[in-house]
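Dear colleague,

Please find below the sequence and structure that I am handing over to you. My notes on what was found follow directly after.

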Amino acid sequence: MSSVEPELPEYYQLGASLSLNLGTTNNPLSLRVLRAFTPFTMAQAILVEHDPGKDSSANLHLPETFLLKVYDPKFYSHRLPQGSSPARPWTLEAEMTAAAERQEENLGRDPDFEPWSQPDDDDAPGWEEWYYQNAELQYHAEVSAYGRLEVLQSTTVVRCYGTGLLQVPQRAFAPHALLLEFIPDVKTLDQVDPKVVPPNLIHSLLETTKEFGKLGVVHTDLNPGNILFSPSDHPLRAVIIDFGESGVREDETDEEWQEIVDQNRDPVWMRKRLQQFLGDMMPHEQATCSS
């Protein structure tokens, strides 16, 4: 492990308590950590349950356990040294300076802000702002995509139960979080045995990527790690996850949006991933279906 990679903080360790303020209601929700899925890359995936020692009316619409996806730039993997790029470890001082400048400019948390270019290497507050902006952009992309894909949730897309702000100690701001369906016993496309994946799941993945465009979403990041099968030894469900790099339709005309869909080629990329995965086992009618 690199010396600059943050250790798992106490509040993400087994049995730790988390406090979340839910969505627009700001109702507090008390949670207990069951597992942190490490290593963290962009957002942090934390399996949680309702804190059995605390009661809250906010629990009523949620399952007993679910996944908390937190967009905290402190753990952004880009901070690790990469090639000629130096390590950029998080510091509270730099984060507070960036937050103060943001407040002074009255920027708030507007999802339509203009992102910065990468700052100079020695600009620590500038990098904290850059990481903060990337986390905000990913959160808004993902929550917007789930809003458009509600009809696919609980089938080929996980269910999104809501959003919140995680109350993290000794920080300059509260990171955004999504409350997502947890699917146990999963394997990714590059982990599962192709012999145990039934043709109907392959078909469902191909059809889902076509539906994305019709519903106003382009995923843009259909790598094998974002395609899950459950249960792992005899899959009955295939799911596409991680919409942090996605785009959604706004005021584009039909022709403009179709051009965006065609350029991003989600169905084509899904078909290529599945062909690489299945090889000669790929059903012919699905291997040749149009995008």
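Please note that this is a predicted model. I begin with helix α5, in which the buried residues are D266, P267, V268, M270, R271, L274, F277 and L278. The helix comprises 13 residues, 266–278, and at 1.5 Å a residue it should span 18 Å; its end C-alpha atoms are 18 Å apart, so the expectation and the model agree. Following α5 comes G279, which has a positive phi, near 60°.

The second topic is strand pairing around β5. Strand β5 (residues 160–166) runs antiparallel to β1 (residues 17–22), and three bridges join the two. Within this pairing, L166 of β5 stands opposite L20. Strand β5 is also joined to β6 (residues 176–180), again antiparallel, by five bridges. Here L165 has H176 in β6 as its bridge partner.

Is R79 buried or exposed? Its relative accessibility is 4%, and because buried means under 20%, R79 counts as buried. Its side chain reaches two backbone oxygens: that of P73 at 2.9 Å and that of K74 at 3.3 Å. Leaving aside residues up to four places away in sequence, R79 touches P73, K74, P86, A87, R88, P89, W90, E128 and Y131.

With kind regards

Terms used:
Residues are numbered from 1 along each chain as its sequence is written. This is a predicted model: local features need pLDDT of at least 70, side-chain atom pairs count only at pLDDT 80 or more; totals for chains, interfaces and linings use all residues. Side-chain values use heavy atoms; hydrogens and water are left out. Helices (H or I, at least four residues) and strands (E, at least two) are DSSP runs, numbered from the N terminus. The expected span of a helix is 1.5 Å times one less than its number of residues. Buried means under 20% relative accessible area, exposed over 50%, partly exposed in between (1.4 Å probe, protein chains only). Two strands pair if DSSP finds at least two bridges between them. A polar contact is a pair of N or O atoms within 3.5 Å; within protein, one must be able to donate a hydrogen and the other to accept it, and residues adjacent in sequence count only if both atoms are side-chain atoms. Contact means heavy atoms within 4.5 Å.
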